[in-house]
Amino acid sequence: MTLTAHAIVGGAIASIIPKDPAIVFCAAFASHFLVDAIPHFDISLTSASVNPNIGAPMKYDKALFRDFLVIGADALLGIVLAIFLFSSPQTFWVILLGACAGILPDALQFLYVRFRHEPLISLQRFHRWIHTRNHLKDSVLVGISSQVLFLLVVVAFTYWSYWWTR
Ligand SMILES: [Zn+2]
């Protein structure tokens, strides 16, 4: 899914169980793979240097620049939204940790492209295995609206859980 979606899910988990940062990190990291298993739309990358399925040598061109901008904006949007939606002054850092841990598996894919060693090899294999084969490529509109709908459900469930555990 988009990094925005992963960051929001990670932040939501952190806000539900904010007590122990180690558990937040593990749960948010694990959530990445479960979320990737849901049929979804992915932003396609144009540079072969950052595409983990190609892993071409670094080429500093327009495509790479465009991908860095898109990836950076996507991650930043997710982190800002997660903090805005779920954090309080007491939980700011743990929400930030959850959002970043939710994104981390995709960042590790880029590391894997440059550094093909364990445990990155096994992690990459698992990531590809669990990732849905259904990419909703046919319609960008369906892809984006389904992801927005998914996030609305996540946010609604999270707010409901605050109320439930109060
Ligand atoms: Zn992923």
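User: Let's start with Lys59. Buried or exposed?
Analyst: Lys59 is exposed, because its relative accessible area is 54%. The cut-offs are under 20% for buried and over 50% for exposed, with partly exposed in between (1.4 Å probe, protein chains only).

User: Before we go on, what kind of model is this?
Analyst: It is a predicted model, where local features need pLDDT of at least 70, side-chain atom pairs count only at pLDDT 80 or more, and totals for chains, interfaces and linings use all residues. Residues are numbered from 1 along each chain as its sequence is written, and side-chain values use heavy atoms, with hydrogens and water left out.

User: OK. What does Lys59 meet in a salt bridge?
Analyst: Asp61. The side chains of Lys59 and Asp61 meet at 3.8 Å, N to O. A salt bridge here is a side-chain nitrogen of Lys or Arg within 4 Å of a carboxyl oxygen of Asp or Glu.

User: Why would such side chains pair up?
Analyst: Opposite charges can pair when the charged atoms come close.

User: And how exposed is Asp61?
Analyst: Asp61 is partly exposed, because its relative accessibility is 30%.

User: How many salt bridges are there in the whole structure?
Analyst: Two. Arg66 and Asp67 form a salt bridge too, with their closest N and O atoms 2.8 Å apart.

User: Are those two residues buried or exposed?
Analyst: Arg66 counts as partly exposed, because it has 32% relative accessibility. Asp67 counts as buried, because its value is 0%.

User: New topic. How do helix 2 and helix 5 pack?
Analyst: Helix 2 (residues 21-37) and helix 5 (residues 120-130) pack at about 35 degrees, with axes 8 Å apart. Helices are DSSP runs (H or I, at least four residues), numbered from the N terminus. Axes are lines fitted to C-alpha atoms over the stretch in contact, and angles run from 0 to 180 degrees between N-to-C directions.

User: Which residues meet there?
Analyst: From helix 2, Phe29, His32, Phe33, Asp36 and Ala37. From helix 5, Leu123, Phe126, His127 and Ile130. Contact means heavy atoms within 4.5 Å.

User: What does His127 have to do with Gln109?
Analyst: They are in contact. Leaving aside neighbours within four places in sequence, Gln109 also contacts Pro52 and Gln124.

User: Where does Gln109 lie?
Analyst: In helix 4 (residues 92-114). Gln109 counts as buried, because its relative accessibility is 13%.

Key: Helices (H or I, at least four residues) and strands (E, at least two) are DSSP runs, numbered from the N terminus.
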